[in-house]
Amino acid sequence: MNRRKMLSGIALAGLAASLPVGKLSATTKEAGAKDSAGRFKKLKIGDLELFVLTDGFLQDKSTSFAPHADIDALKEILAANFRSTEQVEMAMNVPLIKTKDRLILLDAGMGVFADGNTGLLLKSMKDAGFAAGQVTDVLLSHAHPDHIGGVVDPQNNLVFPNAKIFIAKTEHDFWMQATLADFNNSALKKEPEFLKMFIPKVQNILTTIKPRLNYYDFDKPLYDTFSFQLAPGHTPGLTLMKISSGADTLVYIADLIHSDILLFPHPEWGFSGDTDLTLAAKTRRRMLEQLTAERVLVCAYHLPWPGLGHARGKDTAFEWVPQVYMTP
Ligand SMILES: [Zn+2]
């Protein structure tokens, strides 16, 4: 398997995936471009408007998706749910929140790392009626390419020129000093060449956005609407966001979990892009317990479009109950 093939075979949702080396473009790709419907889903959260925008989708091989899985059991679940037993597909659901006076993007899509299946965010945003220049804030859940790649263009210009950008300080500091040793408890340790290529790219983006960068205050709400909770494991600074307005609450869980049918019943199976598989599994279970107890509406970046639903307890683990809609 050549290098290009190897790199493109790695899981990306977490991190690796098909980083198309040498083909860096933030422009909208053709995937799904013919179909102009369903690029965004609009909901009300109290006084706020939520638009879930699609950036496309990712794929990972079923044999490498969940590093601690029993592969036979994993394939059995896929087959029983009428899914491909070869590939696990992951949506790219990017929430955009409109308040009275701000337009706030939660994560920024694949952007400069986009391939033929991703990079649709700006088009989806336009379809929802917004331009990049209107975005006032970008709240990053973590610094993996499918979340941070959309904040800069191939010339290193800011894609959202008027936006403040937020990230957890833990996350920023981790990537600025990351070495291969930080991935000893990750499936990514088997891909050192990929990590050596990828880490400097993330550092470059973080350096480029530094003048715009702010760190989350985990003790104080932002704009009276957002509160933040650290969920370390997938990355050290993965940040979950609770959005409250009136009687409504939504929790954006970003990359806490990457599959509805596989990881809710088996949070311990882990994900190929997890930085620390043990910590990620522990955090995943703890947070799913919290979400189950709160019975709160959840938005997840990689669960099937549009990634909205509830976590519920089942047997000794959990299940995902997707929100159903009567109109697109
Ligand atoms: Zn992701």
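Here is our talk about the strands and their pairing.

Mentor: This is a predicted model, where local features need pLDDT of at least 70 and side-chain atom pairs count only at pLDDT 80 or more, while totals for chains, interfaces and linings use all residues. Residues are numbered from 1 along each chain as its sequence is written.

Trainee: How do you know that strand 2 and strand 3 pair?

Mentor: Two strands pair if DSSP finds at least two bridges between them, and strands are DSSP runs (E, at least two residues) numbered from the N terminus. Strand 2 (residues 48-61) and strand 3 (residues 87-98) have 11 bridges, in the antiparallel sense, so they count as a pair. Asp-60, for instance, stands opposite Val-88 in strand 3.

Trainee: What is the strand order in the open sheet?

Mentor: The order of its seven strands is 1-2-3-4-5-6-7, and the pairing is mixed.

Trainee: Why are strand 1 and strand 7 said to stand at the edges?

Mentor: Strand 1 (40-45) and strand 7 (213-215) each have a single partner strand, so one side of each lacks a neighbour in the sheet. On average, neighbouring strands here are turned by 25 degrees against each other, direction ignored (axes are lines fitted to C-alpha atoms, and angles run from 0 to 180 degrees between N-to-C directions).

Trainee: What makes strand 9 and strand 10 a pair?

Mentor: Strand 9 and strand 10 (residues 248-254) share five bridges in the antiparallel sense, with Ile-243 opposite Leu-250 in strand 10. They form a hairpin with two residues between them, and Gly-246 in the turn has a positive phi of about 55 degrees.

Terms used. Helix = DSSP H or I, 4+ residues; strand = E, 2+ residues; numbered from the N terminus.
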